[in-house]
Amino acid sequence: MDARWCLGPSPKSLDDATVEVIKQLFLDQTGERYAGASVKSLPIPEWGGNLVLLDANNLIRGLLWANKFNEKRVRIVAFAIDSDYKGNGYGSQAWDILVEAARSDGHSEIQLEVRGDNQFAIDFYRKRGLKIVSTLEGYYKAGIGYVMRGTI
Ligand SMILES: CC(C)(COP(=O)(O)OP(=O)(O)OC[C@H]1O[C@@H](n2cnc3c(N)ncnc32)[C@H](O)[C@@H]1OP(=O)(O)O)[C@@H](O)C(=O)NCCC(=O)NCCS
């Protein structure tokens, strides 16, 4: 399956059909239900941490949204890849693009929240140098979560 990562638009400029695709991707891959308005209000600038995975028909098959939390730290707000495209190296590619962009903007840390039962993602981040720094109660409907952070 052929797809490529491209720079994404700012969420507020997304059309309604694209918002629906993104909501469905989040729901399928993370179990989190977002309202259309909350997708559009996510503060994600246009930069190397705002990536969409487009297939041969230019349909969105994945998304990485990160923001510049502060001078030092970048925060991943959403990261999801369509089931048909998972486990093919696309997540690793997006990670590398993000790290490169974050470094060239002078950032030295990445932080994110992950569900406690999402072992695949936890391992993915661990292999990339992130560690669990705290436990989140009541953040996810399904159970506990973790904050993971690492140096890049
Ligand atoms: C977590 C997620 C974004 C990772 O993306 P992905 O595309 O599945 O990840 P990758 O395929 O790049 O990496 C998974 C492993 O498969 C390996 N891999 C498998 N096939 C590969 C291929 N053809 N080429 C390169 N790597 C491959 C990768 O090397 C990687 O192993 P590593 O972590 O030891 O390096 C994705 O699985 C996902 O959307 N999960 C559900 C939602 C989710 O959990 N999001 C995170 C919430 S915080």
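Visitor: Which helices and strands each supply at least two residues of the shell around the ligand?
Guide: They are helix 1 (16-30), strand 4 (73-81), helix 3 (90-104), strand 5 (109-115) and helix 4 (119-127). Helices (H or I, at least four residues) and strands (E, at least two) are DSSP runs, numbered from the N terminus. Residues are numbered from 1 along each chain as its sequence is written. This is a predicted model: local features need pLDDT of at least 70, side-chain atom pairs count only at pLDDT 80 or more, and totals for chains, interfaces and linings use all residues.

Visitor: And where does the largest share of the shell come from?
Guide: Helix 4 supplies it, with four residues.

Visitor: Turning to helix 3, which of its residues are buried?
Guide: Y90, G91, A94, W95, L98 and A102 are buried. A residue is buried if 20 or more other C-beta atoms lie within 10 Å of its own, exposed if 12 or fewer, and partly exposed in between, with C-beta atoms placed from the backbone.

Visitor: What does the face turned away carry?
Guide: That face of helix 3 carries the exposed residues S92, D96 and S104.

Visitor: Now L54: buried, exposed or partly exposed?
Guide: L54, in strand 2 (residues 50-55), counts as partly exposed because it has 17 C-beta neighbours inside 10 Å.
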